[in-house]
Amino acid sequence: MTDVVPQTLVPPPTQGWSRALERAEFWIDRLVSVLTVGTLVFMVGLVFYAVVMRYVFSAPLVYSYDLSTMLFAWIVFVGLFVAERDGAHIGLDILYLIKSEGLRRAVIALRQVFMIALAAYMTYISTVLILRTGMQISSMRISARWLYASLPVGFALLTLIYLLRLPRLALAKQG
Amino acid sequence: MPRCRSALPCSPSSTYCACPGSRSQNRARAMLALIAVAFVVLLVVGVPIGLILISLSVIYVLLDPAIMDLAFAQRVIAGTQSFPLLAVPLFILTGELMNISGITRRVMTFAALVTQRMSGGLAQTNILLSTLLAGMSGSANGDAAMQAKILVPEMSKRGYPLAYSTALTATSALIAPMIPPGIGLILFGFVTDTSIGRLFAGAILPGLLLAAVLMIYTYFVTKKNRWDPPNHEPRETPLGKAFLGALPAIMLPILIIVGIRFGIFTPSEAAAVAVLYTGVFIAVYREASWKQIWTALRSTVVTTAAILLVLAASAAFSWILTFERVPQMVGGAMLASTENPLLMLALVGAIIFIAGLFIEGTALILILGPMFLPVVTSLGIDPVHYGVVFVLMAHLGGITPPVGTVMFTACTITRVSIIDFAKAVWPYIIAYLVVAALLIMIPQISTFLAYL
Amino acid sequence: QTIRFAHMNSPTHFVNTAAETMAANVAERTNGEVTIELYPSGQLGENAQITEQITLGGDLIGQVGVGTIADYVPDFSIIVYPFMYPDFEAAQRFLASDLIKELEAQAEQAANAKVLCYLHFGVRDLYTRDREVRTPDDSAGLSIRVQPVTIYTEMVEKVMQGAPTPMPWPEVYSALAQGVIDAAEAPPSAILDQSHQEHARFLIQTNHMLDISPLVMSASLFNSLSPEYQAIVQEEADAACQNMSEASMASYEGGIEELASQGMTIISDVDREAFAARAGAIAEAFPEWSEGLYDRAREIIAQ
Ligand code: NA
Ligand code: NA
């Protein structure tokens, strides 16, 4: 969905504080994009390397399935931030039918608060899961925490971007 | 699906039978009513579908002590932990890379030459291009975005109404995920334990049939409206030379199907091979810039995260519904309505169509696909036949208003309102339903290549 | 009280049918106060995830792999050590030993996992595309499909001297057909289920692993039941394990006959001593085991 104009209702930054929030979002996005894209490239390479090792050299990698699916989870959950930044988490967009500007903003702000609470709740329960799990990833003989950590990290970043956007949705003047 | 056995008329231990009127069932009904209300409210205020599904699950987690929050968190991650799912980002990346590699441009030249002498030549190009590129593209969204940007402006120059061009682009984009590879097929195979290789093979003819029906309807509509009359001037490029340019795109699906069917690689490994295959053309043609490659990679992350959030949330929500024995209730109700295989498939199709008006097709495949599976197999319907019909209908949800990602993608780019889109797209939806009806009635279209 | 019984097998598998009987008996004997609902086919999750749900306090019984409990109590994996038991009776003696009782107490303490009973889940054999195997030297160099779990990969490497090749189970059929792998290992019923005999000529009765599987219940749930109901659940679980084990042993014999009738050559004169002699090396891959575990286990079984 490269080419889709973000459907987000976040107004473009016109005030100083609003521009600062946008910059923060921009730089976090830079960092997260580089990390997830790097992981993606590594994952493609790993899967291909595993095919070659198995078919060409008959020396299969015992860990390739578990490692690649673990990296996949990191791409997915950390990628939630990048997807939100690009407006790719699509929902029904009919709030424009509300004619009153004030009411519409109130509903949108309320929705944003709800999503912050939801993302924060997911961060919380997955953090507890990490603390309590004893599961192992058998092929690599490492704790499942390495996998599970992708969930709280991803949802914490999602909470963060929702928080950064809340003031702009509720207060910023439409540019 | 066996009925309650007489020896155990209403045992909660039986795997497939629910006990009508029991206390647990009444409670389950009350919960379902509650989450239905929550669903509508969250949908209307514009919460993304993945977060809606998580919200519905959280309602259960908070209200039913038997469902643990930590187990729910485990299910969200477990939803992503399957090797076949790796094919999703890899085929998305293949499509992204294809569009910048120069392959797409060559295929378009070829498609335009082939359709030049037809009525509505450029509209036919639009369909043919989606068909030829389908083998490198696993998702309708990527196809719709690319063609809405490149082809729709050309169509406007030749006098097609903008809403019509947009509707045609969105509908024909649905060919891309039917002809392998297709993410819907991968996900369906994954959740129902049906061979992805067989599903890929089985969906080829249905995909081509869909293309043919769309082209036939387009012929009549363009002729009647006198849009873009046939151009009988000599072709600018020899057809054979243009064909060679299109060959890389046409070869890839063959490579994938053959590779999977002969056990050389699994579907996910085929996807990694496809990425490298496309990478070779990027290196050879030298048309893509590093910035474009970066954008393609980043956008793959974006699309993957958006799809997989829905998937992980669906997986966890399905786990809760299973915990609450909802699939058994639904299955029993469906079997009570009909035991005729054709009518059952039609019923399944109708349910997906209605649900697809509001819900993303991916979520339907993941939640309803396995839920209906025991019902249809108990009536002797082949899983591949069921899968192809199911996936075809689930894709349709992408272009049916009010919610449809392919529609959103195309309309956002061409700046057509959803209302105008709806007015232009409904005849194509009917043409699409004709294909679905044919697939339901003639199982061989789906099963012939699958079991070759 | 509702208990959910989760397992990975199909609804017609002997585990599910025996569990249905268990559920009916428990419901009857407790006047419906304790009910057991069945969730076959991995509906609630895979083995390791079910075990984790139990350790987190879920109201579950799971028929799981020994290895998933070994995540919490490492010594547990000794139970499925390759080439360990001459027969199932020896295994049952071992499972009744103080050593195992001690491990079970640890599992209850550390992981909230109460082992109700153990069942004979299957006997695993090696099968090859086109190589006859009788000694470890015969299997040298074969690429053998295994689960990516240490005890299997070590067995293939150290005992069979082959290359352990992890691969999703549904892919094995075409991998055998194409010669991507030379061999795999599974119980006969699983081979038949996937029609692997169509592309594997030899079944070698290595009996390398007796697949012993526990029925595990959440300890917090078990302890919350009254002593009377605890006894009922325990008795019915024992009976279920007994039924499952009998069905499993019968299915081994039946499976071998069926594979032979479908044209597979059954090799029964395997030099198991030679394989077993090499098996001691596997223990070296488990530094997390308590000191001398392997030798103690061997002693108990030899008695
Ligand atoms: Na198109
Ligand atoms: Na495709």
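This is a predicted model: local features need pLDDT of at least 70, side-chain atom pairs count only at pLDDT 80 or more; totals for chains, interfaces and linings use all residues.
Me: How do you know whether chain A is a compact globule or more spread out?
Reply: First, the parts: chain A has five helices and two strands, running α-α-α-β-β-α-α from the N terminus on. For 175 residues the globule rule gives 16 Å, but the radius of gyration of chain A is 20 Å, well over that, so chain A is more spread out than a compact globule. Its C-alpha atoms fill a box of roughly 65 × 40 × 30 Å along the principal axes.

Me: What makes a residue of chain A count as buried, and what percentage do?
Reply: Buried means under 20% relative accessible area, and 53% of the 175 residues of chain A count as buried.

Me: Which atoms coordinate the sodium ion (ligand 1), and what makes them donors?
Reply: For Na the cut-off is 3.2 Å. B:N126 (O), B:N126 (OD1), B:S130 (OG), B:Q147 (OE1) and B:S172 (OG) sit at 2.1 to 2.8 Å, so they pass as donors. Two of these residues link distant parts of the chain: B:S130 is in helix α6 of chain B and B:S172 in helix α8, 42 residues apart. Both B:S130 and B:S172 are buried.

Me: How do you know what helix α14 of chain B should span?
Reply: At 1.5 Å a residue, its 12 residues should span 16 Å, and the end C-alpha atoms are 17 Å apart, which agrees. Buried residues of α14(B) include B:M329, B:G331 and B:L335.

Terms used: Residues are numbered from 1 along each chain as its sequence is written. Chains are lettered from A and ligands numbered from 1 in the order in which they are written. Side-chain values use heavy atoms; hydrogens and water are left out. Helices (H or I, at least four residues) and strands (E, at least two) are DSSP runs, numbered from the N terminus. The expected span of a helix is 1.5 Å times one less than its number of residues. Buried means under 20% relative accessible area, exposed over 50%, partly exposed in between (1.4 Å probe, protein chains only). The radius of gyration is taken over C-alpha atoms; the globule rule is 2.2 Å times the number of residues to the power 0.38.
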